[in-house]
Amino acid sequence: MKILNIISSAALEGGGPIEGVLRMSELIRARGHDHQLFTLDPPDAPFLQDLPLEIHALGARYAGPPKTVIGRKWRYFNYSPEAVRWAKRHVPEYDAVIVNGVWNYATHVARRALPGSGVPYVVYSHGMLDPWFRQTYPIKDVAKRLLWPWNEGVLYRHAAAVAFTCQIERELAHNNYRPWHVRERVVAYGTSAPPAANPQQEAAFRVAVPMLGDRPFLLFLSRIHKKKGCDLLIEAFGRIAPEHPELDLVIAGPDQVGLMAQFQARAAEMGIADRIYWPGMLRGDAKWGAFRCCEAFILPSHQENFGIVVAEALACGKPALISDQVNIYREITDARAGLVAPDTVEGFEALLRDFVALDHAERRAMGKRGIALFERQFTIEAAVDDLLGLLHEAVAEKHRMVK
């Protein structure tokens, strides 16, 4: 098949969706399919240059910061009239299309080009229909409800399937926006197995966080964002830190919305600033070294539809310490591959106390169960099997309707 994957941006700072797209693309192409990527990034964006697949980047070339409020909003939504024209002209060349996300200009492009084109397509919402967003950003939600009937709702209604990456994501999204005419499917999701452990990984990590030395630490590796619960993590860690002077915390990830200084100030107020390290976004060997060296991975998110980074931690044999708002928490709990708590300061204080009370043998056993869980449910092979199955079904249905 010739497959087009539509996503707003291929910048890795955007989080899990693009990471999933790129990892799945490797296997899709290895299985003989022509898999291409459509983004609204500027065609000269540096992060596109080394991606190993054909990319159609239809965003405007960067010309300095926008000078007006309206200009900044268009830049935020990646507005690109040329993208609509390109999609209408070229979508019929593909056997199937995958759309990632919702509430951005890329989904507007998809809505303009896909329904009525005769090309079957599948949509991943990536947790963006979760009620958490409505409760946290009520003004934005008013705009979303106005947009739904003529944009996202149209795109979803004509999709061969809307793919949810776990049952909880599906339950949370169901009928959240109306009219809800959606062919819902729960599919496997996951990521590639990590590279084999080697000394270069730890060395790269130690270079990124030189002041840590060889002290034991917990690892948060995600965007520094309100949704991720960084504030409650600092509060909870501050409460247990005086009793456990041997344990530090690494908070690694891009500071997309400028919250790091606020969190660092709070850590200083609590007297734990020298126990928390902020290396920024870790990539390659440094990222895998962080996973290999940590005592456990921790993610106190207020909303997380799947969490590729959780799957990566499991694959590296590390306990997953997560909130019950990470939608794969049931799988973690059932497999005894980590600890789960409510997304509150009190919940994570209790979780941290439970974890530090575990001896090394119990932590190792938890990590081994995590590897087994990853291999059983969260591999990229299972995700690609389900996705290609959906696309094959959609293409076959199209051919039956033509006949």
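Start with helix 12, where A286, K287, W288, G289, A290, F291 and C293 are buried (under 20% relative accessible area with a 1.4 Å probe and protein chains only; exposed is over 50%, and partly exposed lies in between). That makes seven of the 10 residues in helix 12 (residues 284-293), so this helix is largely enclosed by the rest of the structure. Helices here are DSSP runs of H or I with at least four residues, strands are runs of E with at least two, and both are numbered from the N terminus. Among the elements that cover the buried residues of helix 12 are helix 1, helix 9 (199-208), strand 8 (217-221), strand 11 (296-299) and helix 13.

A quick word on what you're looking at: this is a predicted model, in which local features need pLDDT of at least 70 and side-chain atom pairs count only at pLDDT 80 or more, while totals for chains, interfaces and linings use all residues. Residues are numbered from 1 along each chain as its sequence is written, and side-chain values use heavy atoms, with hydrogens and water left out.

Now follow helix 13 to its partner. Two packed helices are described by the angle between their axes and the distance between the axes. Helix 13 (residues 308-315) packs on helix 16 (residues 360-377) at an angle of about 120 degrees, with the axes 7 Å apart. The axes are lines fitted to C-alpha atoms over the stretch in contact, and angles run from 0 to 180 degrees between N-to-C directions. The two helices are therefore oblique to each other, the term for whatever is left once angles under 35 degrees count as roughly parallel, over 145 as roughly antiparallel and 65 to 115 as roughly perpendicular. Contact means heavy atoms within 4.5 Å, and here A311, L314 and A315 of helix 13 meet G367, G370, I371, L373 and F374 of helix 16. By class, this contact has six nonpolar, two polar and no charged residues. For these classes, Ala, Val, Leu, Ile, Met, Phe, Trp, Tyr, Cys and Pro are nonpolar, Asp, Glu, Lys and Arg are charged, and the others, Gly among them, are polar.

Next, two loop residues. I7 sits in the loop between strand 1 (2-6) and helix 1, and I7 is buried, with a relative accessible area of 6%. Not counting residues up to four places away in sequence, I7 touches P17, I18, V21, L37, F38, T39, L40, N100 and A106. S80 lies in the loop between helix 2 (69-76) and helix 3 (81-90) and is buried too, at 4%. Leaving aside neighbours within four places in sequence, S80 is in contact with L40, L58, G59 and Y105.

A cavity is a set of points on a 1 Å grid over the protein atoms alone where a 1.4 Å probe fits but cannot get out; a pocket is an open set with protein on both sides within 12 Å along at least five of seven lines, and lining residues have an atom within 4 Å of a point. The largest cavity has a volume of about 60 Å³, the volume being the space filled by probe spheres set on the points, which are joined across faces, edges and corners. Helix 1 gives the most to its lining, with four residues, and the lining divides into seven nonpolar, five polar and no charged.

The second largest pocket has a volume of about 460 Å³. Of its 22 lining residues, P120, H158, A160, E397 and M401 are the closest to its centre. Helix 17 (residues 380-402) supplies the largest share of this lining, seven residues.
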